[in-house]
Amino acid sequence: MKNKQKIPGPFKSLLSGRFAVIAIPYVWLLSFFLLPFIFVLKISLAEPIMAIPPYTALLNWGDSWLPSIQASLDSYLFLFSDSLYIKAYLSSLKIAIISTILTLIIGYSIAYSVARAPSRWRGILLMLVILPFWTSFLIRVYAWIGILKTEGLLNLALMTIGLIDKPLIIMNTDLAVYIGIVYSYLPFMILPLYANLEKMDMSLLEAAADLGCRPFKTFWTVTVPLSLPGILAGCFLVFIPVMGEFVIPDLLGGSETLMIGKVLWTEFFYNRDWPVASAVAIILLALLVVPIMLYQRSQEKAIS
Amino acid sequence: MSETLTASPWLDSSEKPYIQIENVTKKFGDFTAIDNLKLDIYKNEFFSLLGPSGCGKTTLLRMLAGFEKITDGRILLDGEDISEIPPHLRPINMMFQSYALFPHMTVEKNIAFGLKQDNLPESEIKQRVEEMLELVELTDFAKRKPNQLSGGQSQRVALARSLAKRPKLLLLDEPLGALDKRLREQTQFELMDIQEKLEVTFVIVTHDQEEAMTVSSRIGVMDSGNLVQVATPTEIYEAPINKDVADFIGDVNILQGVYKGQNEVGTQLQSEDSNSIVFATQEVDASPGDKMWFAIRPEKLEISKKKPSDDHNILRGKIEDIAYGGSFSTYHVRLQNGRILKAIRANRERTEEHHLTWEDEVYLQWAPHSAVVLLS
Amino acid sequence: MKKFGNFNIAALVIGFSFLYIPIILLILFSFNESRLVTVWGGFSTKWYGELMQNQGIKDAAWVTIKVAFVSSTVATILGTIAGLVMTRFGNFRGRTLFSGMIYAPMVMPEVIIGLSTLLMFVALAVDRGVFTVTLAHITFSMCYVAVVIQSRMSSYDDSITEAALDLGCTPFRTFILITLPIILPAVISGWLLSFTLSLDDLVIASFTSGPGSTTLPMKIYSMVRLGVTPEINAVSTILVGLVTLGVISASIIGRRQKQNIIKV
């Protein structure tokens, strides 16, 4: 980079073209993805009022030359004074961790089996995994309501075959939320795992077997460690969005199912308390920054 | 070939070089890929850049094509400084190692691609594409897509495409690397024929020393970003400039020792491998006591069970290994001090009379003019 | 170990049953004569007929298709450029931030994206409507396109681009004549992916839409909150059918592309 001053003419035009090409998507993402967070931060420091928009201005241009800053930490203090919010964060964390583990176990079995399937089947099996990934989240969650509700298809089926006499109460419980999350996020877990397992050199397993390693031990000492990048990517893809999940707890969960995404939605749409909703978002974001950066690192490593 | 060309323009000081690489340096960050390199290449040469991987030969080629910017120095083509010209404006074409055929275009369209960029009239493009297809004998494959071609055919399409614009200079990056041995040897000769027929200057990068020896007018041996020796194939083989070149090109036996002086036979070496002093005809500028090496090619070492009548340059040893190569055999002979030398003997007799076998005690001898004296 | 054993078969059968039974039941009951979701009252397409009478759903569907079409097209252009920047522009200043902005929207909870985008529009006094939903959709869709292009480019032979430059083609023409046709299947699947992402989105649209820009998922959501009805099943079935068609055609395009790669 020391020879910057020596860029010859034709290259200079190439370089400025290069700059423009980088700038187009860069500026877009800066203005529509990153910049909005500044506004969230700003409004989280404002106070709610009955107005449109329903928050106070941060900078007050009175008569003086300099605007007076009216930042208020009230929203944040409120979050910590009302145990509801802390409970919601903790409950989201618990639900995210448990459902990530469940999704990993189920997703790994499926991804592993697809990767080991005869190659002529693999394409079609993979497409069967991808198909739900493209299908509307909302519709897939909705599909479970008809199955899980008290007079739903699951209870009907179980009672018909005589396994139970009284309908099970699953709908509007945490169990329904877990089922919904595992179901909805399964493809996000399977795809990176499959991509990783499919590339794995089979001769490594043969080498392990040749050296006297039993199949089960080979799985734990060779296959699993080698698929770690896929496991990480899959877990990030499930854990991070589930932390802020709204649709699933809203439609399948009950009144006692506390998740922070739902709290944010309620504060915003029902209570119209924009500053508190913003503060909820800022704290959630702060909790997720590290996992998101780890996810980015793992993806960049996978590409290069 | 036109008669006006001298056979060896590099020996003629009045001849003007066609490509002048003047003190070119290329750095990637802190890593110096090419270090102040100077090289002249003459018109209609078939010049090979030869060296181990990572020696900078590909970087040099890519700088000629314009894909790498020069950190320092300049490159002239036919007297014109091209250092600042971007690749698409250089009158230079390249044949890529991966062939880089456009997968979505037919053979014909691939070859026509460069001509279309020059906005040549349709009829001329058509005629030149046909010419090229004929040259590489692929007329019947004009409508095929690259994925319907064999490796050898793809290679010829790549060659035709890069020659279609009649470039002043053609760069070839490991052009035969992806072909199997038999096809590679055949293609080497085709390349030479085409080069002579079209009178284009070729610069080729290869790591295959046999290939470089076969096709080149001159070879530039590179190592860590520098040219170690630039010479004809024969010179490189018979008169390498140092141990590394001698070792890189072909097989060689190196005898290490100390310079003892000059006598009527030639240069005298006190070698660790021999009890008596050994000789080479070549004279050197050194003083007694200097470290020195004799390089002797295996085929120049006579191997026999009988003691030679002449008692110069004799080493004794025992045959430890024999590599039978059909027309010749390579013998690994362990000397008394434990070192192993290689000797090659043509298998001229079918009888057992001259038969050498494992554990045979043998004599190795070379003519004084067969050894190359190396000072480094 | 290497063999495809009983465990694998069981995992696939149970796994795919889990993935597909809910959708299959949903489709099945859209053809149910009865309004009750659990009682099969015979085959009927009457709910589809009722759907056609529902002006609210038709309006929402039209808004959704407009938004999806425009946002996926713009997102494909921006995302393709971004994917090329990530793979072919080496290290430039701010690259880490750039790749962060590509990857983060893919995992970031939608409520955060929706809220932040909305708050910016409000603060800048931009009227909410189809336009704002489209902008928000472009932003997260382009990241998915960028990743699709990025993974395609990782198997793209750079010397093909260099060969075109070497033969006298300008950088821009090289992109149009060589690079774009070769990566076109990836660009198309990026477009299809953006289209369905936009089609499916509930949360971000809920935040960024305004009066008169209710999208289909928003409409479905408000219907779902009132209970399970065969009408929702019918509209869901149509959406699932469209997406299935899209995925299958994308995979056929993708397979053809893969075959080309293998042979080249």
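**View 1. B:Leu76 and its partner in strand β5 of chain B.** In β5(B), B:Asp81 is the bridge partner of B:Leu76. Helices and strands here are DSSP runs, numbered from the N terminus: helices are H or I with at least four residues, strands are E with at least two. On β1(B), B:Gln20 stands opposite B:Leu76. This is a predicted model: local features need pLDDT of at least 70, side-chain atom pairs count only at pLDDT 80 or more, and totals for chains, interfaces and linings use all residues. Residues are numbered from 1 along each chain as its sequence is written, while chains are lettered from A and ligands numbered from 1 in the order in which they are written.

View 2. What joins β4(B) to β5(B)? The two strands run antiparallel, and 2 bridges link them. Strand β5 covers residues 80-81 of chain B. The hairpin leaves 2 residues between its strands. In the turn, B:Asp78 has a positive phi of about 50 degrees.

**View 3. An open sheet in chain B.** Two strands pair if DSSP finds at least two bridges between them. 4 strands build this open sheet, in the order β2-β1-β4-β5. Their pairing is antiparallel. Which strands lie at the edges? They are β2 (31-41) and β5 of chain B, each pairing on one side only. Further in, β1 (residues 19-28) and β4 (residues 72-77) of chain B are joined by 5 bridges.

**View 4. Helix α1 of chain B on the sheet.** Helix α1 (residues 57-65) packs on the sheet and touches β1, β2 and β4 of chain B. Contact means that the C-beta atoms of two residues, placed from the backbone, lie within 7 Å. The helix direction makes about 65 degrees with that of β2(B). Axes are lines fitted to C-alpha atoms, for helices over the stretch in contact, and angles run from 0 to 180 degrees between N-to-C directions.

**View 5. Where chain B touches chain C.** Here 19 residues of chain B are in contact with 17 residues of chain C. On the chain B side, β6 (92-95) and α2 (107-117) each supply at least two residues. Which element gives the most? It is α2(B), with 3 residues. This side of chain B divides into 10 nonpolar, 7 polar and 2 charged residues. Nonpolar covers Ala, Val, Leu, Ile, Met, Phe, Trp, Tyr, Cys and Pro; charged covers Asp, Glu, Lys and Arg; the others, Gly among them, are polar.
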